[in-house]
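This report describes selected features of a structure, with the cut-offs that apply.

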Amino acid sequence: MAISAPDGEPAVSNTYHKSRTWLLLPSWVVLGALSLVPAILMLVYSFLTKEFRGGVIWEFSLAAYDQFFFDRGLFGDDSPTLDWTYIAIFWRSFWQAGAATLLSLAIGFPTAYFIATRPVQTRAIWVFLITIPYWVNLLIRTVSMKFLLRDEGPLNLSLMAVGLIDSPLQIVNTNLAVQLGLFYSYLPFMVLPIYAAVERYDFSLSEAAADLYASKWVTLHRILLPVTKPGVIAGCILVFVPSLGSFLAPDLLGGAKNYMIGSLIEEQFKGNAGNWPFGAAASMILLTIVLVILIAFARQQSRLERGRV
Amino acid sequence: MAGLSVKLDVRSYSGFKAVTFLCLIILYAPLLVVTIYSFNASNSIASWDGFSVHWYVDVFTGPESAKFKRAAWNSFAIALIAATVSTMIATLAATGMIRAGKFKLRTLSFGLISLPLMVPEIVTAVATLIFFNAIGFERGFATIIFAHIAFCIPFAYLPIAARMQGIDETVEQAALDLYATRQQVFTRILLPLMTPGIISGFLLAFIVSLDDFIITNFVKGAGVETLPTAIFGAVKQGIKPNIMAISTLLLSVSVVMVTISYFVSKTDKTT
């Protein structure tokens with residue numbers, strides 16, 4: 001997922017500069033037509049009028065954004081007041097994604113650190129073990145999680161067998177289940193960038209700190225964490241961003257009460273609400289939030305890089 | 001003496017090893033549980049009645065087998081086409097990005113290639129659906145293939161580009177000095193050296209396509225199902241044992257392909 005900026009690459013070879021256009025043309029055409037143009041059309045659609053059975057009428061309208069932010073009463077003629085329904089769904093998504101990110105960090109940082117301090121020959125195997133689950137179908141992983149957490153599922157049964165609890169814990173259809181699902185979905189994304197950062201870490205810094213009688217946890221807090229910060233932030237972004245727009249975890253694990261942005265958007269196109277301009281507007285708002293996060297991240301990373309040199 | 005051992009051991013934190021094992025347990029436990037329960041003899045998922053493969057038999061011969069066979073056939077056909085096309089596009093793009101000097105549009109091209117990775121998948125799904133709707137392209141099998149080709153390009157590109165960066169350019173320079181044409185250098189030297197990267201890119205693209213649910217769910221036509229959309233539809237009515245058997249099969253395909261991809265890229269002994 002993490003792509004290094006092209007500028008950071010070693011010297012660029014020049015062998016095929018004459019055929020450059022032809023080499024890149026297929027990717028420009030395909031991605032232009034299927035990524036860039038659709039994104040622009042989505043923006044256009046968010047300003048159109050809704051067609052009741054799905055689709056749009058090509059007439060300019062601000063109704064989608066109006067519906068998102070304002071309440072105009074039952075007949076639409078009251079003076080607009082701020083409507084919290086959809087803002088609350090976005091807020092809940094932030095909160096769920098944030099909780100999943102913190103949980104991933106708590107498990108992911110020690111794991112990444114442990115792997116990065118293994119002998120060089122075994123590191124690749126550890127990284128491989130962490131990545132395998134990522135490549136397993138997200139739907140299957142989410143269903144597996146639901147199966148495991150179910151009231152009469154293996155987790156509850158074994159907790160009861162051990163005697164830790166008397167009656168099954170109700171986890172499915174709660175906020176916790178969604179957080180666990182998101183955490184489980186994107187945990188490998190937390191480990192990999194932190195691993196890369198710790199692997200580059202110069203341990204003579206920790207040795208110097210130990211020589212100066214710093215305790216290990218002070219060293220961790222004051223030296224290791226600040227130095228590996230770019231990796232930690234990258235991991236947090238890689239977990240937070242896909243969590244924010246995720247559909248499967250809230251849909252399968254959360255039930256109707258634990259609605260997130262992904263479910264709201266999906267419903268506009270697949271479900272009964274069928275309001276395409278509103279779905280496009282909600283997608284645009286989500287995309288804008290994600291782009292703001294990514295741009296802030298890129299600027300922060302380049303600031304940290306410059307600070308190092 | 002105690003002080004010395006602490007100093008030597010400055011790298012290790014007590015508890016981190018335990019957390020690592022906890023992490024691996026968390027990552028693998030749900031998958032193992034589903035795999036184990038797919039071999040359950042019981043008709044219900046709630047109890048364990050001993051080992052049996054009868055849910056696997058059910059997947060291939062049971063009442064729902066026709067539906068799942070059609071979905072599996074669709075999934076594999078789409079993944080094969082999407083992975084092949086996106087790998088070809090990604091190979092050309094990587095050559096253009098890494099072997100064709102610096103140029104003005106390079107950063108922009110790179111942004112375009114990584115665009116599908118930055119944007120939340122549901123937003124890509126909405127945008128693609130709107131695109132097909134706006135140009136009046138009827139949703140069906142073809143719309144899934146087009147959407148998957150675009151989405152798979154960055155996944156194919158990453159291992160291919162990584163491999164190409166690792167290839168020493170002097171080999172190509174030597175061939176050029178000996179009057180090989182650029183085309184010969186590309187097909188006879190660069191491509192063979194690139195093979196591990198290309199195979200690994202193809203396999204990753206294949207898995208990404210095979211596994212995709214969200215985009216497929218948006219752009220597929222009525223009646224066209226892939227394995228993930230068929231599984232999702234079935235799961236909505238409750239998790240049944242035959243779903244666990246299908247999931248285990250699909251899970252195994254992914255694990256086998258990722259493992260092959262890993263070992264192929266390990267053959268990277270030239271650099």
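In which helix of chain B is L32(B) found? L32(B) belongs to helix α2 (residues 16-37) of chain B, where helices are DSSP runs (H or I) of at least four residues, numbered from the N terminus.

**Basis of the model**

The model is predicted: local features need pLDDT of at least 70, and side-chain atom pairs count only at pLDDT 80 or more, while totals for chains, interfaces and linings use all residues. Residues are numbered from 1 along each chain as its sequence is written, chains are lettered from A and ligands numbered from 1 in the order in which they are written, and side-chain values use heavy atoms, without hydrogens and water.

**Salt bridges**

Over all chains, the structure holds 5 salt bridges (a side-chain nitrogen of Lys or Arg within 4 Å of a carboxyl oxygen of Asp or Glu). One of them pairs R123(A) with E199(A), with the closest N and O atoms 3.0 Å apart. Because R123(A) lies in helix α4 (residues 120-135) of chain A and E199(A) in helix α7 (residues 175-200) of chain A, the pair ties together parts that are 76 residues apart in sequence.

**Helix packing in chain A**

Helix α9 (residues 216-227) of chain A packs with helix α10 (residues 229-244) of chain A at an angle of about 65°, their axes being 4 Å apart. Axes are lines fitted to C-alpha atoms, for helices over the stretch in contact, and angles run from 0 to 180 degrees between N-to-C directions. α9(A) is therefore roughly perpendicular to α10(A) (65 to 115 degrees; under 35 is roughly parallel, over 145 roughly antiparallel and the rest oblique).

Conventions:
Helix = DSSP H or I, 4+ residues; strand = E, 2+ residues; numbered from the N terminus.
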